[in-house]
Amino acid sequence: MDTLTVPRKAPRPLDGRLYTDPAVFDEEMERIFSPMWVCGGRIEELDEPGRFVTREIGGESIVAVRTAAGPGGSPVDRASAGNGHGGRDGDAGAASGASSGLAAFFNVCRHRGARVVDECAGNAKVFQCPYHAWTYGLDGRLVGAPHMDADFDAASAGLAPVRIDALGGFFFLSLAPEGPPLAEVAADLPDLSRFTLDRLVRGAYREYEAAANWKILCENYNECYHCAVVHPELNRISDYRSGGDLEFGRYFVGGPMTLNDGCNTMSASGYSDRPDLPAIGAADRTSVQYYHVYPNLLISLHRDYVMTHILWPVEANRTRIVCEWLFDPETVAAPDFDPSDAVDFWHLVNSQDWDVCARTQLGVGSRGYRPTAYEGSEACLQVFDGWYLDQMGL
């Protein structure tokens with residue numbers, strides 16, 4: 001690994017204002033969430049032509065849509081949707097990634113700026129602005145503008161494109177008109193191909209809102225120093241002192257933790273008779289891999305399922321979290337499929353985490369908060385904080 005590209009480790013926990021100041025939050029949206037590839041969700045949400053979702057990134061509403069069947073005729077891409085810069089550039093209205101069957105654009109009509117799409121998700125043949133009925137194709141091109149003069153250049157008035165690409169069954173968005181392709185991020189990440197992420201399907205879904213800054217949630221995920229106290233149910237299955245080597249790069253941090261004897265997965269009982277994911281190795285049957293893919297994807301890889309948390313910062317002290325449990329499609333198709341052992345277990349753990357994160361949010365806003373030092377097991381947290389300081393130029 002090129003040490004010149006690896007962020008420094010933070011010398012001590014971050015100052016309180018970095019979690020509470022609205023101006024810092026706004027700067028994070030500009031420096032981190034707008035230019036970087038942000039995880040938007042699973043491609044199965046865009047499983048057929050016309051299927052769309054909206055996402056809020058840095059105060060911007062973005063529409064992501066399936067414009068056509070994916071590679072090989074499948075409506076869902078199997079691995080990567082493309083190069084992230086397909087279609088036409090600039091104001092032409094063909095959103096980046098359109099050549100791969102995915103498109104994305106700012107949810108802003110090019111006539112007078114009205115928001116075009118109100119729904120969080122749906123299916124459409126076209127997108128029509130409710131103000132003056134300007135109508136756009138699924139790729140963002142302007143296809144109807146009532147009563148405009150004959151010399152009006154419709155080709156230059158499409159919806160402003162947003163870069164979109166896919167990786168491992170997820171789609172990613174970047175508000176920057178140009179920059180590193182998603183493939184560069186993929187090249188930096190650990191090899192997770194044995195978990196067949198592109199093949200997995202959603203088995204369960206929960207959405208949360210935490211009264212805490214998004215970084216507090218990331219830091220909480222990146223350490224288990226708190227687990228014996230906050231998560232006794234989890235600690236009985238995977239001891240907080242277990243684990244392997246720290247892994248990190250330009251775009252991620254993480255590593256494994258070991259399951260206790262007699263346990264084979266993270267669930268209420270510590271055991272499940274669900275079949276293994278088909279390509280995992282022997283070591284994966286006795287451990288769980290935890291990774292934070294910057295900035296907003298937290299991914300936990302078990303022998304029989306994968307859990308994800310996708311973080312959506314709302315305000316300096318408020319974050320929306322989408323949690324999904326992904327399984328092999330053959331497992332989900334079984335008549336006795338029941339993910340509740342994993343879902344209920346992690347719902348308990350999530351609720352415990354959001355509580356301590358909210359407590360932390362209250363504390364870092366106090367003039368009495370004076371950060372001291374990291375504990376040795378908080379190495380992942382230290383790397384994340386160092387990465388954050390680098391991104392913010394601090």
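Helices (H or I, at least four residues) and strands (E, at least two) are DSSP runs, numbered from the N terminus. The structure is a predicted model, in which local features need pLDDT of at least 70 and side-chain atom pairs count only at pLDDT 80 or more, while totals for chains, interfaces and linings use all residues. Residues are numbered from 1 along each chain as its sequence is written, and side-chain values use heavy atoms, without hydrogens and water.

**Second largest pocket**
- A pocket is an open set of points on a 1 Å grid over the protein atoms alone, where a 1.4 Å probe fits, with protein on both sides within 12 Å along at least five of seven lines; lining residues have an atom within 4 Å of a point.
- The second largest pocket has a volume of about 550 Å³, the volume being the space filled by probe spheres set on the points, which are joined across faces, edges and corners.
- Of its 33 lining residues, Thr54, Arg55, Glu56, Cys120 and Arg320 are the closest to the centre.
- Elements that each supply at least two lining residues include helix H2 (22-33), strand S1 (38-42) and strand S17 (318-327).
- Strand S2 gives the most to this lining, with seven residues.

**Largest pocket**
- The volume of the largest pocket is about 690 Å³.
- Among its 38 lining residues, those closest to the centre are Tyr221, Asn222, Glu223, Cys224 and Met257.
- Helix H8 contributes the most to the lining of the largest pocket, with five residues.
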